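Visitor: Could you take me through one part of this model closely, beginning with the sheet and moving on to whatever packs against it?

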Amino acid sequence: MTDPNGRKHRTATRVVEAGRRRQWTSVPDLAGGVVNPPVWRASTHLYENCAALKEAAATSNEDGRFFYGRRGAPTQWALADALTGLEEGAFGTMLYPSGVAAITGAYLAVCRPGERLLIADNSYDPSRSIGTGLMASYGVKAEFFDPLDVEGFRRLCAQDGKIGAVLLEAPGSLTMEVCDVPALAATAKEAGAWVLIDNTWAGPTGFSALAHGCDGVITALTKHVGGHSDLMMGSVSGTERLYHRLRRTAQQLGHVVSPDDAALALRGLRTLDLRLRQESASALAVARWLRGRPEVAAVLCPMLEGAPGHDLWKRDFTGGCGLFTFVLKGRDAAARARLIDALRLFGIGYSWGGFESLALPIDPGSCRSVRDWPPRGGWGGPDGGGLDGSDRFAVRLSIGLEDPADLIADLDHGFAAMENGG
Ligand SMILES: *Cc1c(COP(=O)(O)O)cnc(C)c1O
């Protein structure tokens with residue numbers, strides 16, 4: 001993946017090249033080949049003879065070898081290999097049937113009974129509830145911390161009890177805080193913990209999590225890698241030490257993804273960089289427009305100059321995406337519903353990262369235990385929001401590939417419906 005001068009290929013090029021090994025796109029007896037790995041639908045893998053079967057059993061713990069369907073076949077291997085190739089510093093990638101399965105798979109790979117699991121307070125809600133639910137039932141103690149308080153995190157790490165893992169998410173996928181990943185990761189590592197990060201928002205092209213001190217990167221491929229709202233999948237890419245643990249645990253849990261979904265994810269991956277750049281530009285246009293609206297108390301979009309988290313985003317990230325949140329000024333839940341219901345281009349639904357735009361009412365207060373929602377001191381931050389701390393009704397937008405001018409016109413229409421309907 002270098003050009004004739006030895007320079008590492010740029011992101012857009014690497015996204016096109018990743019995982020396209022010749023042995024997965026050609027047949028030994030035939031000249032030529034195809035562009036994409038075929039869909040290898042397989043449960044049984046066949047052996048030449050009993051000796052080959054015996055040899056495979058002895059060497060079965062190797063990647064990229066036929067063994068049995070649960071280990072995948074070239075379609076899944078090509079996807080995992082592509083994700084590893086895009087993740088700077090990764091040794092390998094495990095695929096999971098959903099993003100949530102990836103989170104659970106990562107927790108179970110590293111946390112042992114009696115250990116502490118420190119979860120950033122702005123994490124995806126299931127990341128929190130798996131910690132206090134499933135992991136607690138295995139004797140792991142989940143604790144939450146304010147990801148913006150590096151000193152507080154240092155004090156928490158210094159408390160008694162071995163820390164199994166720390167989970168970060170930057171930005172938090174509801175409230176969009178960007179934490180200082182290198183500082184938190186260094187502190188966690190000093191305490192002997194594995195550092196995991198849910199990097200679904202920026203993805204491997206927008207944030208190099210391992211290069212910023214993490215051991216494992218969780219991605220909900222359901223979102224941007226799939227990119228077309230038609231598949232569920234997750235992945236964890238990690239350092240060599242972590243990868244072996246992930247693999248052992250995933251195999252014992254029986255995690256495997258379908259080759260059809262893997263082929264769809266590979267197709268999505270080829271346009272990932274292009275889509276993210278377009279979505280980010282459109283999201284910025286919409287965010288700037290929202291910031292000028294009298295109905296809006298705050299725009300929580302780290303890519304937006306002056307918005308919360310922008311400085312750290314600019315320091316550490318090379319890209320963003322179309323997902324951000326805005327808070328209504330002096331309005332209630334009914335007004336918010338009138339706004340969202342009136343939108344024609346934005347679907348109402350969970351998930352994000354598809355080619356189509358979505359709007360979702362969010363009330364993050366119910367999934368926070370350390371940070372207040374709305375934040376203490378209100379929205380008086382540098383994003384130009386009002387000072388009224390009572391504004392709490394938020395809308396999360398996933399900006400897709402529509403023309404941003406049409407999206408803005410739709411939101412304008414939504415605001416009119418919000419004001420007229422009450
Ligand atoms: C959606 C999401 C997940 C989970 O992915 P699924 O494939 O829906 O299970 C994990 N993390 C974040 C940040 C998400 O938005």
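**The sheet and its helices**

Guide: In this predicted model, strand β8 and strand β9 (residues 323-328) run antiparallel and are joined by 4 bridges. Within that pairing, Ala298 has Val327 of β9 as its bridge partner. The two strands belong to an open sheet of 5 strands, ordered β8-β9-β12-β11-β10, in which the pairing is mixed; its edges are formed by β8 (296-300) and β10 (347-348), each of which pairs on one side only. Strands of a sheet pair through backbone hydrogen bonds, and they may do so either parallel or antiparallel.

Helix α12 (residues 272-291) packs on this sheet, where it touches β8, β9 and β12 (394-398), and its direction makes about 10° with that of β9. Helix α12 is in turn one of the elements against which the buried residues of α11 pack, together with α1 (11-17) and α4 (74-86). Those buried residues of α11 are Pro259, Ala262, Ala265, Leu266, Gly268 and Leu269. As for the geometry of helix α11 (residues 259-270), its 12 residues should span 16 Å at 1.5 Å a residue, and the end C-alpha atoms lie 17 Å apart, which agrees.

Turning to an annotated site, the unreviewed UniProt entry records "modified residue: N6-(pyridoxal phosphate)lysine" at Lys223. Lys223 sits in the loop between β6 (216-220) and β7 (234-238), and its relative accessible area is 10%, so Lys223 counts as buried. Apart from neighbours within four places in sequence, Lys223 is in contact with Thr200, Ser351, Trp352 and Gly353.

How values were computed:
Residues are numbered from 1 along each chain as its sequence is written. This is a predicted model: local features need pLDDT of at least 70, side-chain atom pairs count only at pLDDT 80 or more; totals for chains, interfaces and linings use all residues. Side-chain values use heavy atoms; hydrogens and water are left out. UniProt positions are given in the numbering used here, feature names are shortened, and annotations may be inferred rather than shown by experiment. Buried means under 20% relative accessible area, exposed over 50%, partly exposed in between (1.4 Å probe, protein chains only). Contact means heavy atoms within 4.5 Å. Two strands pair if DSSP finds at least two bridges between them. Axes are lines fitted to C-alpha atoms, for helices over the stretch in contact, and angles run from 0 to 180 degrees between N-to-C directions. The expected span of a helix is 1.5 Å times one less than its number of residues.
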